[in-house]
Amino acid sequence: MTIRFWGVRGSQPVSGDKTIRYGGNTSCIEIRCDDSLIILDAGTGITNLGNRLQDAPHSDIHLFLTHTHFDHINGFPFFKPLHKKTQSLTLWAGHLSEGKTIQSTLETLLSPAFFPVPLPKLKANIVFKDFKVGETFSSHENILVNTIALNHPGGATGYRIHYHGHAICYITDMEHTSQAPDPALVKFVEQADILIYDASYADEEFEKYIGWGHSTWQQGARLAEKANVSQYIPTHHYPGRTDDELDALQKKLSAWLPNALFAKEGLTITLRTP
Ligand SMILES: [Zn+2]
Ligand SMILES: [Zn+2]
């Protein structure tokens, strides 16, 4: 099982010389389970992944969306595999309220006022899979996926992906409501190999962002500790956070949890099959 980060920024993409090392693209993570390819979120990071897939195509991609705020879908229209006839893509989403589907939601994004190619004109064969957050599903024969509702304006879905005895949890975007980690969330991420978590803010600045729907890097560390997670990866960095600031946070985090790593574009982690 291999994870690679293509976009680690929250809220909006950024550019400039202060964000080069960690990267400025918004949320996108690639997960390979041997021959299966899962993509988590379609922020601007997915465009670089799409370029990579031009050279090494994968005919059957599964895309899991946490939710459809801009920073998690704004790379979708520019994902090159969607414009290829031979491409199959299964799109999973569970955050939408009754009566809405992921297909109708993306039809709004890919409509003339926003993008020149309407959704039905995309060449790829897209299968839309709406589920109810909280449900468990199998995206592939040997991959089991648990889901959990996250505290975020409009809702968001957390994922736990099981493959060959390993588990990776992806928990963004969410706001915690007390410093003691939520018992349901502790149970959900318990003993995961990797916890990827919404670390938009720091505890010291959290108060001014209450209600924005995000968490802190320290809260993710508390959750990782409480749930005996093997490795904690904070992501969804605040757009204004510079490389130097993230380096300083990394130092503090390393003193707390030695193998925890602030996500950066290109970070790749491989879990060996036991
Ligand atoms: Zn976000
Ligand atoms: Zn959001």
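User: How do you know that strand β5 and β6 pair, and in which sense, parallel or antiparallel?

Analyst: First, a word on the source. This is a predicted model, where local features need pLDDT of at least 70, side-chain atom pairs count only at pLDDT 80 or more, and totals for chains, interfaces and linings use all residues. Residues are numbered from 1 along each chain as its sequence is written, chains are lettered from A and ligands numbered from 1 in the order in which they are written, and side-chain values use heavy atoms, without hydrogens and water.

Now the strands. Two strands pair if DSSP finds at least two bridges between them. Strand β5 (residues 88-93) and β6 have 6 bridges, so they pair, and the sense is parallel. Within this pairing, T90 stands opposite V127 in β6. Strands here are DSSP runs (E, at least two residues), and helices are runs too (H or I, at least four), both numbered from the N terminus.

User: What makes β6 and β13 edge strands?

Analyst: The open sheet has 7 strands in the order β6-β5-β4-β3-β2-β1-β13, with mixed pairing. β6 (125-130) and β13 (268-270) each pair on one side only. The twist averages 20° from one strand to the next. Such angles run from 0 to 180 degrees between N-to-C directions, with axes fitted to C-alpha atoms, for helices over the stretch in contact.

User: Which strands does helix α1 lie across?

Analyst: Helix α1 (residues 45-55) lies across β1 (2-7), β2 (28-33), β3 (36-40) and β4 (60-64). Contact means heavy atoms within 4.5 Å. The helix runs at about 120° to β1. Helix α3 (residues 102-109) lies across β5 and β6, at about 125° to β6.

User: Which residues are the protein donors of the zinc ion (ligand 2)?

Analyst: They are H67 (NE2), H69 (ND1), H152 (NE2) and D173 (OD), lying 2.1 to 2.8 Å from the ion. Donors are N, O and S atoms within 2.8 Å of the metal (3.2 Å for Na, K and Ca); water is not among the atoms, so sites may look incomplete.

User: Why is the arrangement around the zinc ion (ligand 2) called irregular?

Analyst: The 4 donor atoms subtend angles of 91 to 172°. Four donors count as tetrahedral if all angles lie between 85 and 135 degrees; four count as square planar and six as octahedral if opposite donors are over 155 degrees apart and all others between 65 and 115; anything else is irregular. The arrangement is therefore irregular.

User: What does D173 bridge?

Analyst: D173 bridges the zinc ion (ligand 2) and the zinc ion (ligand 1), which lie 3.6 Å apart.

User: Why does H67 count as buried?

Analyst: Buried means under 20% relative accessible area, exposed over 50%, partly exposed in between (1.4 Å probe, protein chains only). H67 is at 1%, so it counts as buried. D173 is also at 1% and therefore buried.

User: Why is the pair of F64 and W92 called edge-to-face?

Analyst: Rings of Phe, Tyr and Trp (its six-membered ring) pair if their centres lie within 6.5 Å; planes under 30 degrees apart count as stacked, over 60 as edge-to-face and the rest as tilted. F64 and W92 are 6.3 Å apart centre to centre, with 80° between the planes, so the pair is edge-to-face. F64 lies in strand β4 and W92 in strand β5, so the pair ties together parts 28 residues apart in sequence. F64 is buried, at 0%. W92 is buried, at 8%.
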